Amino acid sequence: MKTLVEFINDKQADFTYASGEFSRLLNDIGIAAKYVHREVNKAGLADIMGYEGTQNVQGEDQKKLDVFANDQFIKALKHGGQCCAIVSEENDDLITYDNQTSNNGKYVVAIDPLDGSSNIEVNVSIGTVFSVYRRKSEQGGKGTLEDVLQPGTEIVAAGYVIYGSSTMLVYTTGNGVNGFTLDPSVGLFLLSHPEIKIPDGGNIYSINEANYIYFPDGVKEYIRYCQEDDPKTLRPYTTRYIGSLVADFHRNLLRGGIYMYPGTKKNPNGKLRLLYECNPVAMIAEQAGGKATDGFRRIMEIKPEEMHQRVPIFVGSKHMVEKAEYFMNYYSKDFKPK
Ligand code: AHM
Ligand code: MG
């Protein structure tokens, strides 16, 4: 079976900017993911091993898992030297490096190192989400804000890692989507889901319905549509909501479904962040044949104005997202960004 490293190396030639550097960067992300996998899998032992701020039996300082994951990815990307700047959900400011090798790097990375981390202590799947861009600024200097504030259409690679009943890495470089499952006994990601395609239609809708009263009418009407009785179109659909973006998205990608985190009157931009949550899943959905919009606009075409910008999202099976968009346009024009 093909390993992630073999696959990345084989695909290098297909990639427009074919260079060993880009392959190394992807491999570094895969390596950091394995360390995170190891820690996530012993999270249940936290009581025994100590929480952040305490010391474990070996006298080492303990860290919260999301801090640990953040450190691992930053370290791996620094060590590789291909990446000159990182936007992370864990850091308010842009992360740049003081070493010349990193400043010569061609790429910037936007990452949520451990999304859904409130789920860790209850043993629910969590994930890492990332996207990679080519820098805009001159090589040789530090990465800049301009390098990371690029629309999703400029992404050269996007992916996620799901730490679930098994750990999987799913990624795209704009040439389809492939999934790799970690064999923990040998520490290798193996190609288990080649050329993933999302079904055009589906019967799963995923949304935090407790926010119903705050939703725009377009979302309320779409939910009503999902719950109507029409066996010909598989309705009523079924609800599945874990509250962990990667896990909810991954299930819908494989089975067919829609994930929604809409804006509300109180939070018109929803909750999820454009750069390191919405854009990567949007690119994967599109590359698998699905769609991602904010109800009106293609997510990937939104030009970011700030690093931690939030955006409403409707992502998944093409026909389902189009239907949700139809309801938004019909009932919630007032939510359309001016
Ligand atoms: P986080 O970045 O603070 O972990 O929050 C992101 C998570 C997503 O994984 C998930 O889809 C969403 O928040 C769930 O939010 P809610 O609890 O409001 O439904
Ligand atoms: Mg997050």
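Two strands are taken to pair if DSSP finds at least two bridges between them, and on that rule this predicted model has an open sheet of five strands, in the order β10-β9-β11-β13-β12 and with mixed pairing. The edge strands of this sheet are β10 and β12 (291–293), each of which pairs on one side only. Strand β9 (residues 204–206) and strand β11 (residues 257–261) run parallel and are joined by three bridges; within this pairing, Ser 206 stands opposite Tyr 259 of β11.

A further open sheet is built from eight strands, which follow the order β2-β1-β3-β4-β5-β6-β7-β8, and here too the pairing is mixed. Its edge strands are β2 (95–96) and β8 (188–193), and each of them pairs on one side only. The strands β1 and β3 run parallel, with five bridges between them, and the bridge partner that Ser 88 finds in β3 is Ile 111. In general, the strands of a sheet pair through backbone hydrogen bonds, either parallel or antiparallel.

| Strands joined | Bridges | Direction | Facing residues |
|---|---|---|---|
| β1 and β3 | five | parallel | Ser 88 and Ile 111 |
| β9 and β11 | three | parallel | Ser 206 and Tyr 259 |

The chain as a whole is divided into domain 1 (4–193) and domain 2 (204–335), and the centres of these domains, taken over C-alpha atoms, are separated by 25 Å. Where domain 1 and domain 2 meet, 44 residues of domain 1 are in contact with 31 residues of domain 2. The area buried between the domains is about 2,700 Å², and carbon and sulfur atoms give 69% of this area. Eleven residue pairs are found in polar contact across the interface, both residues of each pair being at pLDDT 80 or more, whereas the count of salt bridges between domain 1 and domain 2 is zero.

On the side of domain 1 that touches domain 2, the elements that give two or more residues are β1 (83–88), β3 (107–115), β4 (126–134), α6 (145–148), β5 (155–163) and β6 (167–172). Strand β4 provides the largest share of this side, namely seven residues.

Two details of the backbone remain to be described. Most residues other than glycine have a negative phi, and most peptide bonds are trans. Asn 123, although it is not a glycine, has a positive phi of about 60°, and this residue is found in the loop between β3 and β4. A cis peptide bond, with omega about 0°, joins Arg 235 and Pro 236, and Pro 236 is found in the loop between α7 (217–227) and β10 (238–239).

Notes
Residues are numbered from 1 along each chain as its sequence is written. Chains are lettered from A and ligands numbered from 1 in the order in which they are written. This is a predicted model: local features need pLDDT of at least 70, side-chain atom pairs count only at pLDDT 80 or more; totals for chains, interfaces and linings use all residues. Side-chain values use heavy atoms; hydrogens and water are left out. Domain bounds come from an automatic or database domain assignment. Contact means heavy atoms within 4.5 Å. Buried area is the accessible area (1.4 Å probe) that two parts lose on being put together, summed over both. A salt bridge is a side-chain nitrogen of Lys or Arg within 4 Å of a carboxyl oxygen of Asp or Glu. A polar contact is a pair of N or O atoms within 3.5 Å; within protein, one must be able to donate a hydrogen and the other to accept it, and residues adjacent in sequence count only if both atoms are side-chain atoms. Helices (H or I, at least four residues) and strands (E, at least two) are DSSP runs, numbered from the N terminus.
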